[in-house]
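Student: I would like to go through the chain contacts in this model. Can we take them one interface at a time?

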Amino acid sequence: VQTDDPVPAVFFLSDFGTADEFVGIVHSVLHSRAPGVPVIDLGHEVPPYDVAAGASMLVRCAPYLSPGVVLAVVDPGVGSGRRGVAIETIGTGPSWLVGPDNGLLVPMARALGGVQRAVVLRRSPPTGSGERTESAGEARGRTFDGRDLFAPVAARLVLGAPPEELGDEVDPETLVTAAGTAVIAARDVTPGPGLEAPVTWIDRFGNIQIEAGPDMLDRIGVDRGSRALVTLPGPPCRSAPARRVDVFDDLDAGELGLLVDSSGRLALACCRASAADHLGSPVVGETVRIAPDEQGEAPA
Amino acid sequence: VQTDDPVPAVFFLSDFGTADEFVGIVHSVLHSRAPGVPVIDLGHEVPPYDVAAGASMLVRCAPYLSPGVVLAVVDPGVGSGRRGVAIETIGTGPSWLVGPDNGLLVPMARALGGVQRAVVLRRSPPTGSGERTESAGEARGRTFDGRDLFAPVAARLVLGAPPEELGDEVDPETLVTAAGTAVIAARDVTPGPGLEAPVTWIDRFGNIQIEAGPDMLDRIGVDRGSRALVTLPGPPCRSAPARRVDVFDDLDAGELGLLVDSSGRLALACCRASAADHLGSPVVGETVRIAPDEQGEAPA
Amino acid sequence: VQTDDPVPAVFFLSDFGTADEFVGIVHSVLHSRAPGVPVIDLGHEVPPYDVAAGASMLVRCAPYLSPGVVLAVVDPGVGSGRRGVAIETIGTGPSWLVGPDNGLLVPMARALGGVQRAVVLRRSPPTGSGERTESAGEARGRTFDGRDLFAPVAARLVLGAPPEELGDEVDPETLVTAAGTAVIAARDVTPGPGLEAPVTWIDRFGNIQIEAGPDMLDRIGVDRGSRALVTLPGPPCRSAPARRVDVFDDLDAGELGLLVDSSGRLALACCRASAADHLGSPVVGETVRIAPDEQGEAPA
């Protein structure tokens, strides 16, 4: 059954968690409206209401998704005046992103090549094949657009429906482009040399990703094998020496490292241990300072 | 490959959690016996042994499932005298529910339109295409009917096998209809006006669903925009004012709300925060009292 | 669409957890390179870096997997000198196991019938249909072989690609066969009768599996219905009486039992409660001693 043509899929991300049936119900709605279309879960443990964390996760996923539709729901404003949107992207990968217009989707659209077109969704969900008649549905609250609006829209789009069926095109400039506080870019600190960047992600393994690329480390003279001093000004202030390496196993037990992670960003890491534990549990958004270590090169 | 005909699926719910391989093994058994049939996970984080919580979750899922078979396993009595059953439903949606006869399935069957037929499963699991020969299997314990009995039966039924192949028909009246203590319906309290209803569900977001519909609120004069006093008699007794709204975002920060949730039931909720935290962590089954607030209408 | 031929699948196990997007990205890579091939998650909550726990989980899964490829990633040494391998198995079930050469895969290969052939993977990942062009990919770190190497290899193998395309055959004797400390087999203790065996698994329900089969219990005279004394020498030393039964429901509330679990191994269990809680939270690897109880047979 395999061919060389990509098979469109729905890529699904949310803050629904897995304790409840929210994810399963959305899968069921997708299945009944777009039977046979693969649905790939990108993750459902985005912290509740944390639009910025969801947006970051989508950006990290972007390079690895094939053609299809992204269905993303982190939606504290569900039922309020916030708009529901479908955003068409430029370039390869998924061609449509569907979800609330609250800053969740635009960063991913940009990572995929940019916004081609934006459609504000009509409140009445689309109908389609495989749908169950649901006369009782009208009595239900307006608190689950993932189920009632975004999943049906994603199903229509992945089947190739024209977007005019779903809502009205709007100026992409009107889309909400970012969630919460703007991400502060990495910057040089004075007196230098040194850099300062916010924590962007702490993963299951305790690796601490920061908003900086390896070029920033190069610029302050922390080459491969060099030592640096890592400081979280806090409060409380925490500090630890680190060594720039390529992979976790280059580090000794109990040693902190700086490496390029699988997203191409800088991360603080330990070998078979949690860098977050090592550094006193930093949080996303907290500032990290990195400076070359006075004591020079690491011993071979 | 899409057509207008619904594609039968297996909908799978359990208390297996995801730390172990139980869910994966059941998926593998379903795949080998019914290859190509979609399997949709409704949820596997039902608290261990909590048949009533599993039954509630199935009822909430019922309106959103398409044709196929529900495989549900919350089964503290596995291997004991409790029967395994397949229940045929009346109406649209899934046509068969498979699992232990312990009160897990009947509430969902009723939500789907009622019980058409009940079959008590034979202990020897059915065989079918794709099965691996397992001579060692006989040495294993009788503690995993999800794998050894219910999944094979679900696979046969979703492929259209006749139920006579799987066991003997019994009088549906003999089925266990409810788990644990009966759910207490909402009721008016005296002196009124006021209502009293048990907590039925606390979701990931801390929303507190109660066993009452919006009509009960109407009856005690708590209309949209009106204020109410919510009391959990405890012990300890906890109390907080609340406002009836439509969606989370109608609420101010730190304010408690009463709204119709996505199941059409009443829920206590906050805006971008946990109502369960707000109200001192109530538990499922605990009583909630709601009365109109003496102080009258909310400010505009 | 169902036939009698098994449909090859990819069976996926890791220590990635579900808080991040790692699992979703691997699914996406598999989908784009082997569209239409079912991917079955065996579990992703293996404790971080715990190769031995992952190996045990794979062994327990082995009897229930159908033809296809196992993709297993518990890989603390990613990017280091450790080899990536594809192991061809003898017998039925999955024909290839793909992952790091760190002891994760060989125990499962043996459980499936033995190693037929071993291939050390080339660092450059294979290409195939459905792949996205990723010029930016070269800038990313070498810390995610699950995405960059093992998933692409698993996709090629499940599509029937010749292993020569993926790397060079090596002597299976060179494979790392076990992770961490060797598992100690159950043994008789003196003065007897009694047996001693390590804890191998504590599941979600608190059942404590030990590295012994029911024959060991038979040999020390603990037949069905007999009582035994279970001791964890610790420190701290913990001890409790237990009764040998067939299923959980044979036990009284608060009683500890010994039964044959769904893997065919001995387990300590309680009825609708956690044996791990009952016994003071033992850990995997801890020794359990079992001796016939002086007080003889259990009351009827």
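Student: How many salt bridges are there between chain C and chain A?
Tutor: Keep in mind that this is a predicted model. A pair counts when a Lys or Arg side-chain nitrogen lies within 4 Å of an Asp or Glu carboxyl oxygen. Arg142(C) and Asp246(A) form one such bridge, with their closest N and O atoms 3.8 Å apart. Between chain C and chain A the count is three salt bridges.

Student: Which element of chain C gives the most residues to the side that touches chain A?
Tutor: The contact draws on 41 residues of chain C and 39 residues of chain A. On the side of chain C, eight residues come from one element. That element is helix H1 (residues 22–33) of chain C.

Student: What area do chain B and chain A bury between them?
Tutor: Here 39 residues of chain B meet 41 residues of chain A. Carbon and sulfur atoms give 58% of the buried area. On the side of chain B, Tyr64(B), Arg204(B) and Phe205(B) lose the most, together 25% of what that side buries. The area buried between chain B and chain A is about 3,300 Å².

Student: Which residue of chain A forms a salt bridge with Arg204(B)?
Tutor: Three salt bridges are found across the interface of chain B and chain A. In the one with Arg204(B), the closest N and O atoms are 3.2 Å apart. That is under the 4 Å cut-off, so the pair counts. The partner is Glu45(A).

Terms used: Residues numbered from 1 in each chain as written. Chains lettered and ligands numbered in written order. Predicted model: local features only at pLDDT ≥ 70, side-chain atom pairs only at ≥ 80, totals over all residues. Heavy atoms only, no water. Contact = heavy atoms within 4.5 Å. Helix = DSSP H or I, 4+ residues; strand = E, 2+ residues; numbered from the N terminus. Buried area = accessible area lost by both parts, 1.4 Å probe.
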